[in-house]
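Here is a friendly briefing for anyone meeting this protein chain for the first time. Have a look at the sequence and the model, and then read on.

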Amino acid sequence: MSSTTRRRSYGVKGAPYAHPSPTTTLKRARSAPYFFLVPATVLFALFFALPIGYAAYLSFRKVHVSGLGLGSGARKEVWAGLENYTDALTDSELLHGALRVLGYGCIVVPVMLGLALLFALMLDSEKVRLAPFTRLAIFLPYAIPGVVAALMWGFLYLPDVSPFYYVLEKLHMPQPNLLDGGPLYLAMANIAVWGGTGFNMIVIYTSLQAIPAEVYEAAKLDGATPLQIALRIKIPMVAPSLVLTFFFSIIATLQVFNEPTTLKPLTNSLPLTWSPLMTVYQDAFRKGDIYQAAAEAVIIAVATLVLSFGFLRAANRRQKQEAAR
C-alpha cells in the first residue's frame, strides 16, 4: 500500500484518529447537562415523587370489613372517593393543630428572621471583631439535630434538673413553668429560633457580601451614617434573600414535629395531636388508619404549596412594581 493511500485511510469516517463533526460536537454539548441531571432526577423520583404519588393513591382508598373481619376475604381495600378528605377537613384535632401552629409561627418567623438580619448586619460591619468565630458560633446550633436540641432544651425547662431554676431559687425570684400553658409556645419557639437563626443569617450575610463596595463608598461620600447605610442600602438590596428565608421558614413552621413530639414525655400540657403532622402520625401508626393519614398528609402538602407559592408570587409582584417606579 502506498503512503498516499495510508494517509487517506485516517481521514475516512470511523478511523481511529478521525475528529467528530461540528454537528456531533454540538449534539454532545446540548445533551451533556441532561446526563448530569440524571442522578438528581432519579433520587427525586424515588424519594419524593413516588412517595407523594403513593400517598395520594392511598388517600382515595379505605378498608371494607365484611362480617366480623375474620377470614381471608373479610378485609378488602376499596375505592373511597373523597371520604377520607371529608373526614380530615371536618376533624377538629387537625383544625386545632393548624391553629396552634399558626400561633407558633407568628412567634417563630418574625423573631428568627429579625435576629438573623440583625446578626448579618452586625457581622457585615467594618468594626466587627472575631468575625469568623462569631459566624461559627451563630451557625453552630443549626448543625445540631432537631431532636437533640429539643431534648437539651427540654431538660433545661424542667424545674428539677434545670440549672436556671436553681439560680432563680437561690435568688428568690419567681420560677415560671415553661412547659405549661401559654409559656409552652414560647419554650418551643425558643428551640426553633435557637436552631434556625444561624442558617438564615448565613444566607443574608452572603447576600450582603455580594454588594459592591462602590455602593458603600458612594453613600459615605454623600454623608450617610452606618445606620442609614444599613436601613436604606443593605436591607433593600438583600430583600430577595429575606424573601427566600421567609419562604423556608414558612415551610419549616408548617411541618413542625420534632419539638412537640420530643417535649411530649416531659409535660402533660402537650396533646398527642398538637401539630397537624402529629395528627398524621397518630392516625397512621397509633390508630393504624393509613388512608386517613394519607389524606391529611396531602392536605398539609397542598396547604404548604399554596401558601408558599402565594407568598412568592406576591413578593415577586411587589418587586416588579418597585422596579417599575
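Predicted model: local features only at pLDDT ≥ 70, side-chain atom pairs only at ≥ 80, totals over all residues.

In outline, the chain holds 14 helices and 2 strands, and it is more spread out than a compact globule, because its radius of gyration of 29 Å is well over the 20 Å that the globule rule gives for 325 residues.

**The whole chain**

- Along its principal axes, the C-alpha trace spans about 105 × 80 × 45 Å.
- Of the 325 residues, 31% count as buried.
- The accessible surface of the chain is about 21,200 Å², and carbon and sulfur atoms make up 67% of that area.
- If you look at contacts in the chain with a separation of 6 or more, 64% of them are between residues 24 or more positions apart.

**The nonpolar cores**

- As background, nonpolar side chains tend to be buried together in soluble globular proteins.
- In this model, the largest nonpolar core has 20 residues. Tyr104, Val108, Tyr157, Met188, Leu270 and Trp274 are those with the most contacts inside this core.
- Which helices each supply at least two residues of this core? They are helix H4 (92–123), helix H6 (146–157) and helix H8 (183–209).
- H8 gives the most to this core, with 7 residues.
- Tyrosine 157, one of the core residues listed above, touches Tyr165, Leu178, Leu179, Ala187, Asn190 and Ile191, once residues up to four places away in sequence are set aside.
- There is also a second, separate core of 17 residues. Among its members are Tyr205, Ile229, Ala230 and Ile233.

**Asparagine 200, in helix H8**

- Asparagine 200 lies in helix H8.
- Is asparagine 200 buried or exposed? Its relative accessibility is 3%, so asparagine 200 counts as buried, the cut-off for buried being under 20%.
- Leaving out neighbours within four places in sequence, asparagine 200 is in contact with Met112, Leu113, Ala116, Thr245 and Ser249.

**Histidine 172, in a loop**

- Where is histidine 172 placed? You can find this residue in the loop between helix H7 (163–170) and H8.
- Histidine 172 counts as exposed because its relative accessibility is 75%, and the cut-off for exposed is over 50%.
- The phi angle of histidine 172 is near 55°, which is a positive value in a residue other than glycine.

**Threonine 86, in helix H3**

- Threonine 86 belongs to helix H3 (residues 83–89).
- With a relative accessible area of 44%, threonine 86 is partly exposed.
- Threonine 86 and tyrosine 165 are 79 residues apart along the chain, and their C-alpha atoms are separated by 47 Å.

**Valine 298, in helix H14**

- Valine 298 has its place in helix H14 (residues 290–324).
- Which residues does valine 298 touch, not counting residues up to four places away in sequence? They are Ala55, Ala56, Ser59 and Tyr85.
- Valine 298 and lysine 62 are 236 residues apart along the chain, while a separation of 15 Å is found between their C-alpha atoms.

Terms used. Residues numbered from 1 in each chain as written. Heavy atoms only, no water. Helix = DSSP H or I, 4+ residues; strand = E, 2+ residues; numbered from the N terminus. Rg over C-alpha atoms; globule rule 2.2 N^0.38 Å. Buried < 20%, exposed > 50% of the residue type's maximum accessible area, 1.4 Å probe, protein only. Contact = heavy atoms within 4.5 Å. Areas by Shrake-Rupley, 256 points an atom, 1.4 Å probe, with all protein chains shown as cover. Core = buried A, V, L, I, M, F, W, Y, C linked by side-chain atoms within 4.5 Å.
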